[in-house]
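Dear colleague,

I am handing over a structure for you to look through. Please keep it open beside this message, as my notes follow below.

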Amino acid sequence: MTVGLVADPDAPAELAEELAGDLPGLLSEQIDPNVRWSVQVVRDPMPAALLDSASILDVTRERKIRAAWDIAICLTDLPLYGDGRPLAVDADTADRVALVSMPALGGILLRRRLRRSIVRLVRDLMRVDRGPVVPERTAPLKRAVADKDLIDLRIVGSAARGRLRLLLGMVRANTPWRLIPALAKALAAALATSAVVLVNGTLWNVSTAIAIERLAVVSVFSTATMVAWLIVHRHLWERPDSPSRQEREKAALYNASTVVTLSLGVLGGLLGLFVVDFAVASFLIEGGVLANQVKRPVGFGDYARLAWLASSAAIVGGALGSEFESDEAVRRAAYGKRERLRREQVERRREEAESGTAPPLG
C-alpha cells in the first residue's frame with residue numbers, strides 16, 4: 001500500500017518529510033502488519049492556493065490517480081472552516097483521499113498530533129464498512145457527518161477552544177522563531193542604540209530608580225512600536241475581500257496570527273538584546289562608578305534594570321533597521337501574504353504550462 005502525502009511548501013512539507021520515515025512502521029504496527037507500507041511526499045503549492053476543502057480534495061484525488069497511490073492525504077497550513085467551525089479533517093473514504101488542516105491541530109506537540117491523525121485517517125480510509133460515520137467527541141475536536149456527497153468524514157474544532165487552537169496553530173505555521181535571526185539588521189541597529197544608552201550617566205539614575213512595573217510598560221510599548229512598524233511598513237494588515245461576516249472573521253484571524261507571530265519574534269530579539277546589554281554593562285561599568293553616580297550601593301538588580309531599560313529603548317531604534325530585512329521573513333510571518341505569494345506562484349506555473357515553457361501543474 002502506497003500512501004501519498006501532498007504537502008504545502010514550508011512547515012507542512014518539512015513535517016511530512018520528517019514523518020515519512022516513521023509512518024511505514026507505525027502503519028504496519030497499528031493497522032496491518034501483513035501489508036508492506038510505503039509513504040511518498042510531494043511538495044505542491046496548488047492546494048494552499050485554493051479556498052475550500054472540496055477543491056483541495058479534487059486536486060488531491062487527481063494527484064492520487066496520476067501517481068497510482070492507494071491513499072492520498074493533503075497536508076495544508078491553510079485555515080479552513082466547516083459548518084462555521086475550524087476544520088481539521090475532510091475525507092472521501094470511497095476514493096481514499098483526505099486533507100488535514102494543520103493549524104486546527106494546535107501549536108504544540110504538532111508532530112505527534114499530525115502523526116496520530118495520519119495513522120487514524122489511513123485506518124478510516126481503509127475501513128470495509130462505508131456507512132455513515134457516527135459523530136464522536138474528541139474535544140476540542142469532534143467527528144461529524146459532512147453534508148457533501150463526496151465528503152463523508154469530517155472533523156471540526158469546538159466553537160471556542162477550536163478557534164483558540166486554530167490561532168495557535170497558525171502562529172506556529174508562521175514559525176516565529178525564524179523571525180529572530182531574520183531581524184538581525186534591526187537588532188544590530190538596536191544594539192548600537194543601546195550602547196549609547198549604557199554610557200549615559202543620567203539614564204543610570206533613571207534605570208536604578210524606576211519601578212519594575214514601569215519597566216514592563218516600557219518593554220510592552222517598545223515591542224508594540226516595532227510590531228506596528230513592521231506591519232505598516234511591510235503592508236501586512238489584511239482587509240476583508242468582501243463585507244461578509246466570513247471574510248471579516250478570516251481577516252481578523254489572519255491579523256491576530258500576524259500580530260502574535262511578530263510579537264513573539266520581537267520579544268525573542270528583545271530578550272537576546274537584554275542578555276548582551278547585561279553582559280556589556282557588567283563588564284564595562286564598575287560597581288563603584290555606578291554607585292557613585294546613583295549615590296547608593298548597587299547590585300545585580302541594578303545592572304539588570306539598566307540593561308532592561310537600554311534594550312527596551314533601543315528596540316524602538318531597531319525598528320528603523322527592519323526595513324532592510326528580507327521578504328522571506330515577512331512571508332513567513334504573515335498568513336495572507338504567504339497565501340497570495342503561493343497563488344501568484346501557481347498562476348505563473350499555469351501560464352507557463354499553457355504557453356509550453358514549463359511542464360503542466362502537478
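In β6, L99 is the bridge partner of D90. Strand β5 (residues 85-92) pairs with β6 in the antiparallel sense over 4 bridges, where pairing requires that DSSP finds at least two bridges between two strands, and where strands (E, at least two residues) and helices (H or I, at least four) are DSSP runs numbered from the N terminus. β5 and β6 form a hairpin with 4 residues between them, and R96 in the turn has a positive phi of about 60°.

Please bear in mind that this is a predicted model, in which local features need pLDDT of at least 70 and side-chain atom pairs count only at pLDDT 80 or more, whereas totals for chains, interfaces and linings use all residues. Residues are numbered from 1 along each chain as its sequence is written, and side-chain values use heavy atoms, with hydrogens and water left out.

Strand β3 (residues 71-76) also pairs with β6, in the parallel sense and over 5 bridges, with T76 standing opposite S101. In a regular strand the side chains alternate between the two faces of the sheet. Both faces of β6 are covered, since V97, L99 and S101 on one side and A98 and V100 on the other are all buried, that is, under 20% relative accessible area, with exposed meaning over 50% and partly exposed in between (1.4 Å probe, protein chains only).

Elsewhere, V276 is found in helix α10 (residues 245-284), and V276 counts as partly exposed because its relative accessibility is 37%.

Best wishes
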